[in-house]
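Open the model in your viewer and keep the sequence panel beside it. The tour below goes from one selection to the next.

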Amino acid sequence: MANTQHYDALILGAGQAGVPLARALAAAGRRTALVERVHVGGTCINEGCTPTKTMVASARVAYLARRAADYGVSTGPVSVDLGRVRARKRAIVESFRGGSQRRLESTPGLDLVFGQARFIGERAVEVMPLSDGGPRRLSADLVFINTGGRPARPRLEWLARVPALDSTSLMELADLPGHLLVMGGGYIGLEFAQMFRRFGSRVTVVQRNSQVLPLEDEDVAAEVQAILEQDGIEIIVNADARCVEPAGGGVRLGVRTPAGDQALQGSHLLLAAGRSPNTDTLDCAAAGVETDGQGYVRVSERLETTAPGVYALGDVKGGPQFTHISYDDFRIVRENLLNGGQATTRDRLLPYTVFIDPQLGRIGITEKEARKRGLDVKVAKMPMAYVARALEMDESRGFMKAVVDASSHRILGAAVLGIEGGELMSVLQMAMIGGVTRLTLRDAVFAHPLLAESLNNLFATLDG
């Protein structure tokens with residue numbers, strides 16, 4: 001193709017798979033181009049993990065400050081300067097993003113190109129620059145799609161009439177919402193709901209399903225809801241949002257519930273009901289890359305698309321949308337293309353943590369999944385109120401739950417809803433990776449008084 005710059009490898013998107021892949025390919029002697037539309041780091045660094053967990057930390061400080069008297073500590077009135085919270089968040093994001101970009105720009109054999117890419121043929125793209133200059137045409141022997149996703153816009157009557165927020169724009173507010181309406185009771189919606197409640201907003205969560213966190217076991221979801229309601233969050237389940245309109249300087253959200261229609265009045269509306277893949281401007285069909293009905297790229301277990309020499313990694317391919325999954329996608333591709341391996345996504349363990357407080361750490365299958373599959377399992381369950389360390393820290397809400405194979409005693413999955421639940425879940429994940437049984441954890445000697453020693457008692461509940 002005339003006036004086309006050819007590379008050994010072309011990566012679309014500088015996310016958590018694209019960045020390490022670009023550096024690995026370049027280090028292996030493959031001349032590589034990495035095209036990024038907005039900023040290096042992808043969702044995780046810029047709009048996801050890094051900024052949200054930074055703000056969650058600020059919200060937890062506000063929560064503990066208000067509870068200081070419970071620990072015998074006297075404080076004055078507690079208030080939150082959202083502008084300073086935002087400034088702290090921005091500084092950390094810019095530090096992470098800038099460091100990543102500098103490493104890319106200093107990598108020999110790697111060209112970082114900013115612009116909007118779209119396919120114009122097999123393994124060929126046209127890139128429209130973000131600033132002045134004409135389009136560039138790039139082609140490569142191998143192409144990797146890592147364009148990620150973005151907050152979805154629900155089909156809601158009159159939505160265009162109101163300045164609705166998403167998970168990105170909400171974090172840029174300088175002033176605290178008086179009453180935040182959260183449309184969606186999934187992981188993102190609940191993290192923001194608790195965060196802004198702790199900052200001082202009144203918060204109402206509208207959830208279409210019969211429970212929050214619909215992929216979790218019913219007892220886990222019920223306990224999460226109870227904890228959030230203890231924090232002062234109003235949660236309405238079985239509520240189907242129908243329309244929204246400006247009202248009284250804020251918004252009015254119309255919802256349909258089994259008890260009848262309701263009109264919820266709030267100052268701000270957060271749309272947290274899912275995400276959409278960034279493929280709508282890629283013209284995947286021009287490259288022979290198939291997508292599903294939602295726009296996600298179809299891939300094999302080796303992350304190959306339907307077009308020879310084209311791969312997809314991270315959120316753009318659908319499935320679990322977590323940073324650590326994107327990074328593991330990179331490792332699979334690196335192993336296969338650079339080391340001649342046979343890595344796949346088959347039977348990949350899926351750990352994740354919901355950063356409400358206390359956290360929900362999850363690994364493996366749920367009890368619901370185990371019963372549906374007809375597996376012979378036992379379920380170990382213990383309240384965090386039985387954990388000495390949790391009591392000492394005055395955060396004993398939640399429980400621990402593990403699904404165990406009845407005959408082999410191997411751990412198949414776990415949910416830890418409690419203080420540092422993600423860290424405790426990771427201990428169980430390592431046991432699962434190593435084939436360590438519940439009997440070994442039951443009898444292990446852990447340092448006292450750590451949260452991990454609670455695994456002794458958790459698995460002892462199955463001895464009866």
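## Stop 1: helix H5

Select the buried residues of H5: Gly189, Leu190, Glu191, Phe192, Ala193, Gln194, Met195, Phe196, Arg198 and Phe199. The model is a predicted one. H5 is mostly covered, with ten of its 13 residues buried.

How far apart are the end C-alpha atoms of H5? They are 19 Å apart, which agrees with the 18 Å that 13 residues should span at 1.5 Å a residue. The residue that follows H5 is Gly200, and its phi is positive, near 130°.

## Stop 2: salt bridges

Side chains of opposite charge can pair when their charged atoms come close. The count for this model is 32 salt bridges. Three of them are visited here.

Stay on H5 and show the side chains of Glu191 and Lys53. These two form a salt bridge, with their closest N and O atoms 2.9 Å apart. The pair links distant parts of the chain, since Glu191 is in helix H5 (residues 187-199) and Lys53 is in helix H3 (residues 49-66), 138 residues apart. Are the two partners buried or exposed? Glu191 is buried, because its relative accessible area is 10% and the cut-off for buried is under 20%. Lys53 has 27% and is partly exposed.

Next, select Arg331 and Asp328. Their salt bridge has its closest N and O atoms 3.2 Å apart. Both residues lie in helix H7 (residues 323-338), three residues apart, which is about one turn of the helix. An α-helix has 3.6 residues a turn, so residues three or four places apart point the same way. Arg331 is partly exposed at 37% relative accessibility, while Asp328 is buried at 17%.

Then go to Asp463 and Arg438, whose side chains meet in a salt bridge of 2.6 Å, N to O. This pair also links distant parts of the chain: Asp463 is in the segment after helix H12 (454-460) and Arg438 is in helix H11 (residues 438-443), 25 residues apart. Arg438 is buried, with a relative accessible area of 5%, and Asp463 is partly exposed, with 40%.

Salt bridges can also share partners. Select Arg60, Arg198, Asp231, Asp357, Glu395 and Arg397 together: shared partners join these residues into one network.

## Stop 3: Arg397

Where does Arg397 lie? It is in the loop between helix H9 (388-392) and strand E19 (399-405). Arg397 counts as buried, at 15% relative accessibility.

Show the side chains around Arg397. Its own side chain makes a polar contact of 3.3 Å with the side chain of Gln230, and another of 3.1 Å joins the side chains of Arg397 and Glu395. Beyond its neighbours within four places in sequence, Arg397 is in contact with residues including Tyr63, Ile227, Pro358, Met384 and Leu417.

## Stop 4: a sheet of five strands

Switch to a cartoon view and find the open sheet with the order E16-E17-E20-E19-E18, in which the pairing is antiparallel. Which strands stand at the edges? Strand E16 (352-354) and strand E18 (377-383) do; each has a single partner strand, so one side of each is left without a neighbour in the sheet. Direction ignored, neighbouring strands of this sheet are turned by 10° against each other on average.

Finally, select E17 (residues 359-364) and E20 (residues 411-418). These strands run antiparallel and are joined by six bridges.

Methods. Residues numbered from 1 in each chain as written. Predicted model: local features only at pLDDT ≥ 70, side-chain atom pairs only at ≥ 80, totals over all residues. Heavy atoms only, no water. Salt bridge = Lys/Arg side-chain N within 4 Å of Asp/Glu carboxyl O. Helix = DSSP H or I, 4+ residues; strand = E, 2+ residues; numbered from the N terminus. Buried < 20%, exposed > 50% of the residue type's maximum accessible area, 1.4 Å probe, protein only. Pairing = 2+ DSSP bridges. Axes fitted to C-alpha atoms, helices over the stretch in contact; angles between N-to-C directions. Expected span 1.5 Å × (residues − 1). Polar contact = N/O pair within 3.5 Å; in protein donor to acceptor, adjacent residues only side chain to side chain. Contact = heavy atoms within 4.5 Å.
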